[in-house]
Structure formats: C-alpha cells, structure tokens
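Visitor: Hi, I'm new to this one. Could you walk me through it?
Guide: Happy to, let's look at it together.

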Amino acid sequence: MKNIFLESHHINNLNFGFGQFNYNLLKAIACSDEKGFNFYMYCSDTHKYEKEFNHFFKTKKYYSFQRYKIFNIKKKFDLWHSMNQNSKMEPFYKRPYLLTIHNISHIQDYNNYKNLPNHVHFQNKINKSNAIVYISEYAKQSTHQYFEVPEVPEYVIYNGNTIKELVIPENYKLDIVNERPYFFSIGEITERKNFIAIVKMMSFFPEFDLIIAGKNSTKEALQINEYIQKNNVKNVHIIGKISELDKQYLYKNSLGLLFPSLREGFGLPIIEAMTFGKPCFLSNNTSLPEIGGNLSYYWDEYDSEYMANIVKNGLNHFNNNPNIKNQMCQRSKEFSWTNAADSYLNIYKSML
C-alpha cells in the first residue's frame with residue numbers, strides 16, 4: 001500500500017488561514033471512504049489528532065528543528081504533499097511532490113522581490129513539484145506572473161466552507177455587542193488586510209459599530225489602536241481571537257462583512273458571511289471578485305467617503321432585494337470540503 005505524507009504542521013494554529021485549510025481538508029479526507037493509501041499527518045499534538053480523526057491518519061510528531069536540511073524527514077514516502085507554500089519542512093530524499101499554493105502575499109515590492117529569501121524558498125518548492133494545486137484561479141494567475149512554473153499538471157481546487165452552523169443558545173450574548181447595529185470583519189491584523197481603511201470609514205457611520213476579530217498582537221494592530229485613541233474613535237472594537245461559537249454569533253447578528261484586503265488567495269470570510277446571508281463589502285482585487293461573484297459589493301479605492309457610499313448603497317440594494325439572501329446561502333454551499341478532498345484524492349491517485 002502506498003504511503004502519502006501530508007505536511008500539515010500548520011494545523012497547530014487553527015486561528016490562522018493555513019491551519020484552517022489543513023484541519024478542514026484532513027477532516028474531509030478522514031471522512032472519505034478511501035482505503036487505498038496509508039496517510040501520515042504532521043502535527044505537534046499527535047494524540048489529539050489521532051482521536052480527532054478516528055485514527056484514520058498515522059501521525060508523525062512535528063519538531064521545529066526539522067526545518068533544517070540535516071534533520072529533514074528521511075522516511076521514503078511514496079508521495080509528499082506540501083499543503084502550504086511557506087512551509088520549510090521538506091523530504092530529505094527526492095520524492096514525488098505535490099504543492100498547494102494559496103497566495104503570493106509575501107511580495108510587497110514588485111520591482112525587487114526575486115532575490116529575497118522567502119521568494120527563493122517559494123521558487124525552490126515550485127521547482128521540485130511534480131504537480132501543483134492552486135486554491136483559486138487568481139492564485140494560479142499570479143503565481144505564473146511572478147514565478148517560473150515548470151510544465152507539470154496544474155489544478156484549481158477551491159477551499160470549502162468551514163462553517164458548520166452551531167446552535168447558538170437563545171440567551172447567548174457577547175459583552176461587546178450592545179443594542180447598536182454593527183459591521184463585522186475578521187482576520188489577522190496585518191498590512192495586507194487593510195483594516196485601517198474600514199476603521200477610518202466608520203467616521204461616516206456614527207450610528208453603527210465595527211467589530212474586528214483576529215490576531216491583534218501585530219505591529220499593524222498597535223498602529224490601528226493608536227489611530228483609534230488619537231482620533232477618539234468610539235465605534236470600532238478590536239477584540240482579538242475568538243471561539244467558533246463567538247464567530248458564528250457575530251456573523252449571524254451583524255449588518256454584514258467588511259473585507260478591504262489588498263491581497264488574498266481565496267477569501268474564506270466571504271463564504272462564511274454568505275452562509276448567514278449577510279452582505280459582503282470587498283476590495284475589488286486579487287481573488288475576492290472570483291469568490292464574491294455578483295452577489296457582493298466592491299470598493300475600487302479606499303477613500304473613506306467613497307467606501308461609506310458603497311456600503312450605504314449596498315445595504316439599500318440588499319434590503320430591497322430579498323432574493324439575494326437565499327442566493328448567498330446557496331453560493332456558500334458550492335464550496336465544499338468533501339468535494340475538495342475528493343479532488344485531492346484523485347490527484348494522489350494520478351501521481352502514483
């Protein structure tokens with residue numbers, strides 16, 4: 001029986017996009033009826049995930065020192081799947097190699113990037129690949145634009161919808177949510193997420209609040225908090241990491257999603273918001289129009305007054321067209337981890 005190694009150590013951080021991808025794809029593979037392979041997964045807490053996935057995977061314990069060549073994994077697996085493009089965990093010996101590419105968000109200076117260490121590392125992973133999967137057409141297009149891609153089989157497999165709707169207790173309440181209506185946004189507070197644009201825009205919505213969830217121990221989060229204090233902004237709340245229940249509660253009770261990201265390979269919050277039939281206000285760039293389709297509202301620039309007008313007009317359009325909500329819910333169901341897992345299993349078979 002063939003042995004497949006899933007380089008999945010990012011599963012250790014489920015508050016991160018790569019972690020969510022690893023967890024949900026592995027869970028869907030474990031729920032498949034595939035019996036033709038031995039699967040190995042890579043994680044820190046082996047006992048947790050052996051139980052979580054009902055012992056479907058053989059687990060290999062993750063150690064950070066294995067990033068260094070001399071300590072790379074020496075077992076000769078029949079196929080190595082690098083599930084995240086920035087991973088430094090590699091096979092010691094040359095093996096059939098599948099790479100999943102999520103985005104090229106590391107490129108900030110488009111005139112001076114080819115010799116930067118993270119770009120060289122990314123290119124080396126592409127060079128060794130026998131097949132490549134992209135999570136969106138945009139991820140594929142941008143990879144070809146900025147990298148040298150060998151002539152190997154290439155596939156686009158969309159991420160699935162991570163929301164499995166929970167039963168929210170009737171009297172459940174978050175202290176941050178009061179009687180005022182609010183917009184919601186979520187993601188690690190980094191430069192490319194561009195949260196500062198919607199923070200500034202909120203000056204045009206004094207009657208509404210904005211709640212931003214996600215990792216807030218970053219330099220950009222500090223800068224946004226300084227802006228909030230300096231300008232006495234009262235209607236923006238940055239609340240840090242949240243539980244799955246809190247996330248679903250915040251989506252369900254919000255006015256809609258604000259997502260002004262500058263660079264995305266997919267845009268999972270769009271699908272999550274659509275699950276609850278909430279209008280999505282998005283940057284009109286990278287992968288976001290591909291995922292949001294014609295059911296979302298888009299910003300072409302980041303002037304605060306212009307952005308506020310797009311939101312006001314979008315809310316008016318959404319509230320006067322009740323069919324849009326059902327269409328959003330239906331679109332969210334098109335993104336399935338079961339379908340993604342089936343597609344990956346077919347690729348494994350074709351490579352072996």
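What follows is a short chat about its sheet, some helices and a serine.

Visitor: Before we start, what kind of model is this?
Guide: It is a predicted model.

Visitor: Okay, the sheet then. In what order do the strands of the 7-stranded open sheet come?
Guide: The order is β3-β2-β1-β4-β5-β6-β7, and the pairing is parallel. At the edges you find β3 (58–61) and β7 (154–156), each of which pairs on one side only.

Visitor: How much are neighbouring strands turned against each other?
Guide: By 20° on average, ignoring direction.

Visitor: Can you zoom in on a pair? How many bridges join β5 to β6?
Guide: There are 4 bridges between β5 (residues 97–101) and β6 (residues 131–134), and the two strands run parallel. Leu98 has Ala131 of β6 opposite it.

Visitor: And which strands does helix α3 lie across?
Guide: Helix α3 (residues 117–128) lies across β4 (79–82), β5 and β6. Its direction is at about 135° to β5.

Visitor: Let's switch to helices. How do α1 and α12 cross?
Guide: Helix α1 (residues 17–30) and helix α12 (residues 337–351) have axes that come within 8 Å and cross at roughly 75°. An angle of 65 to 115 degrees counts as roughly perpendicular, and therefore α1 and α12 are described that way.

Visitor: Which residues meet there?
Guide: From α1 there are Phe21, Asn24, Leu25, Ala28 and Ile29. They meet Trp337, Thr338, Ala340, Ala341, Tyr344, Leu345 and Tyr348 of α12. By class, that contact has 10 nonpolar and 2 polar residues, with no charged ones.

Visitor: What about α8 and α11, how do they cross?
Guide: The axes of α8 (residues 268–275) and α11 (residues 323–333) come within 7 Å, crossing at roughly 130°. The two helices are therefore oblique to each other, and their crossing is left-handed. On the α8 side the contact is made by Ile271, Met274 and Thr275, and on the α11 side by Met328, Cys329, Arg331 and Ser332. Those residues divide into 4 nonpolar, 2 polar and 1 charged.

Visitor: New topic: where is Ser287?
Guide: Ser287 sits in the loop between β12 (280–283) and α9 (288–292).

Visitor: Is Ser287 buried or exposed?
Guide: Buried, because its relative accessible area is 0% and the cut-off for buried is under 20%.

Visitor: So what is Ser287 in contact with, leaving aside neighbours within four places in sequence?
Guide: Its contacts are Ser136, Tyr138, Glu264, Gly265, Phe266 and Gly267. As for Leu174, which is 113 residues away along the chain, its C-alpha atom is separated from that of Ser287 by 32 Å.

Visitor: One more helix, please. Which residues are buried in α7?
Guide: In α7 (residues 244–252), the buried ones are Asp246, Lys247, Gln248, Tyr249, Leu250 and Tyr251.

Visitor: And what do the buried residues of α7 pack against?
Guide: They pack against β8 (182–186), β9 (209–213), β10 (236–240), β11 (257–259) and α8.

Visitor: You mentioned β10. How many of its residues are buried?
Guide: 4 of the 5 residues of β10 are buried, which leaves this strand mostly covered. β10 is also joined to β9 by 4 bridges, and these strands run parallel. Ala213 stands opposite Gly240 of β10.

Technical notes. Residues numbered from 1 in each chain as written. Predicted model: local features only at pLDDT ≥ 70, side-chain atom pairs only at ≥ 80, totals over all residues. Heavy atoms only, no water. Axes fitted to C-alpha atoms, helices over the stretch in contact; angles between N-to-C directions. Parallel < 35°, antiparallel > 145°, perpendicular 65-115°, else oblique. Contact = heavy atoms within 4.5 Å. Nonpolar A, V, L, I, M, F, W, Y, C, P; charged D, E, K, R; others polar. Pairing = 2+ DSSP bridges. Left-handed = near helix turned anticlockwise from the far one by under 90°. Buried < 20%, exposed > 50% of the residue type's maximum accessible area, 1.4 Å probe, protein only.
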